[in-house]
Amino acid sequence: MKKLNILSLLVLLLFSTSCGDNFLNETPLSFLSTSNAFKSADDFNASINSLYNSVRAEFYTRSDWQPMHYLYRTDLGIEVTVGTNPNLSSEFGPSGTLSNNHWTQIYKIVADANTIISRIPSSSMNDKDKIVFEAKAKFFRAFAYRTMAYLWGGVPLITEEVIAEKTNFVRATKKEVLTLVIEDLKFAAANLPAIATVKDGEVSNLVAQHLLSEVYLADGQFKNAADAATVVIDDAATDLMQNRFGSRATVTPGDVYWDLFQANNQNRKTAGNREGLWVIQFETDVQGGGSISTAMAGAYQLERVHVPLYRDMRVNGVALFQWPVGDYTGGRGVGFLQPSRYFADSVWKSDFNNDIRNANHNFVREVVATNPASPFYGKVVSTKNPPAGAGITYPSRVFYPYQSKATTPFNHPAGLYVNPGSSDPIKKYELKASAGGTYTDQYMFRLAETYLLRAEAYVGLGNQAAAATDINVVRSRAKASPVLASDVTLDYILDERLRELGVEEKRMLTLMRMGKLYERVTKYNSFYGVNMKPNFNLWAIPQGEIERNRSAKLEQNPGYL
C-alpha cells in the first residue's frame, strides 16, 4: 500500500509539472550556443583565430594543389603533370577546378567576418575592444573581397550576418566591391594595433596599409596607393633586411636573401626581421600549427610541388641521386610546378651572375650527384647542360631549376631524419617518406613588395624616376644593377616581382589585379599560352552558385557559357 501511494504521488507530480509552461525547457549551467558564443573578448578572439586558420588553409594548406592555383596557369610556372595542352577552357570555366575550389572557401571568410561584426554591438566587451575586433574582422572581410574582386570582378556584396536561406543574390560591380574593401581597410588601418606591438603573425595597422596600397592600385587611385605604401615604408618599425641574420646566419653558401627564408627567420619578435609585415604562422607537429611531419598531407607542400623529382634522374638506367635527402636536392620533391623558361632564364639575363636572388643557393641549377653507384658521383650536374643520356626535355618533372625558398636545406624538422646521428654527410640528411612540406613560416606581405607597389603607383602617376628609385632599393639589396627610369614599365615591375618574390607570391592575383593574365601568359609561357583566352582575365562564376540562386539571376562573366 505504501509503494502504491508513492507511485501515485510521483504520477501526480509528473502530471502537474507537465501542465506547467517550463517543462522540458532546459536551463543548462554551461552550454555554448549562438546566443551566448559572442560575449567576451575571449569569444571574439577565438573567432578571429578561426579567420587566420581559414586564410592559412585557402592560401597554403588545404591540399597540395588548391593553394598552387595561385601559381599554376601564370607566367611563373607550369603544371608538369597535366600534359603539354591543358584544357584551360574547362579549368577556368563555370564547372572548372578554379572557381569551384575557391568561391565557397573565400565566401566563408566573408561570412565569418560578418558574424563577428554583427555580434559586436550586443557583446559585453568594452568600447576599446569592440573597435579593435571590428577592425580585425573588417580587415579579413576586405582581404577576402579583394581576392574575389581580382578573380571574378563584381560579386554579391554581403555585409551582414546571414541567418536564413537566401536565394536572390545579385552581383555588385567590381567598383562597388573595391569601394567596400577600401572603406574596410581604412577603418582597419586606423584602428588596428601598431606593427611593433602585435604578436608575430597578427595583422596590424601596416598590414592594412600595405593591402590598401594594393587595392588602391586596382581601383586606379595611384596617389592614394603611393601614400598608403609610404606609410608602411616610412614607419620606424620597418626596414629591408640588409645584413645576414637569424638562425643560420653563419651557414655558407648564403646571403641575406637566403636568410629571409630559413626556418624561424620570418618574424619580427623572435628573429628581429623588420621586413616581414604579415607572416603566416606554422608550427610543425603542434596541434593547430598547420604543419605536420608525420604524413604527406597536412602542411604547406611547396617543397613537394616545386622541387624536382630527383629520384628519377637517371643516366643509362642508373640514378644520380639518393632520395629523399634534405640537401640542395630539395627534400622530397615530386616535381609538379616547374618554372617557365621566362622565370628560370629570361628575367635574369641582365644580371644573371651578380643578382644574389639568382645565386645557386637561392635558385638551384647545379647539384652534386650523391649516388655512389653512378659514374657522376661527386660531380656537379647542371640543369643548363644535363648529362647526355638523361633524356631531359622541357617540361620535365625530374630535373629543372627551382627556388630553394620552397624547402629547408640541411634543416628539416628533426623528426623527419632517418639517420640523424650518422657521420655520413648524405645519410644524416636522409628523410622519411612523410616529408614534402615547407617547414617554415610564410610571408603573406613583405616590405620589398611594398616598395614595388609604390613603384607601380608612381608609374601610374607618370613618375618613372620615383618608380626607378623604389625598384632600385630592392635591387640594391640583391646586388643587381640599377634600372634606368626610362626602362621602368609595368612589365618591368612584374619581372622584378618574379625576381624578388617568385613562388612566394600569389602570382595569379597580381596578374588578374592588373588585367594582365592573358597578355603575360601568351607572351611568356608557351605551355599555357596556346590555350589562353582573353576572357580568362576573370574566372567564371561557379555554375552551381548560379543554379542555387533561384530567386534572382546571378550574371556570368563574359566569354563563358
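**The nonpolar core and its surroundings**

Mentor: Phe-139 touches Leu-185, Ala-188, Leu-192, Val-203, Val-207, Ala-208, Leu-211 and Trp-278, leaving out residues up to four places away in sequence; contact means heavy atoms within 4.5 Å. This is a predicted model, in which local features need pLDDT of at least 70 and side-chain atom pairs count only at pLDDT 80 or more, while totals for chains, interfaces and linings use all residues. Residues are numbered from 1 along each chain as its sequence is written, and side-chain values use heavy atoms, with hydrogens and water left out.

Together with Phe-140, Tyr-145 and Trp-278, Phe-139 touches the most other members of the largest nonpolar core, which has 148 residues. Such a core is a set of buried Ala, Val, Leu, Ile, Met, Phe, Trp, Tyr and Cys residues joined through side-chain atoms within 4.5 Å. Buried means under 20% relative accessible area, exposed over 50%, and partly exposed in between (1.4 Å probe, protein chains only). Helix H6 (residues 127–152) contributes the most to this core, with 14 residues; helices (H or I, at least four residues) and strands (E, at least two) are DSSP runs numbered from the N terminus. Another core, of ten residues, lies apart from the largest one and includes Met-241, Phe-245, Val-279 and Ile-356.

Strand S2 (residues 276–280) has five of its five residues buried, so S2 is largely enclosed by the rest of the structure. Four bridges join S2 to strand S12 (residues 442–446), and the two run antiparallel; strands pair if DSSP finds at least two bridges between them. Gly-276 stands opposite Arg-446 in S12.
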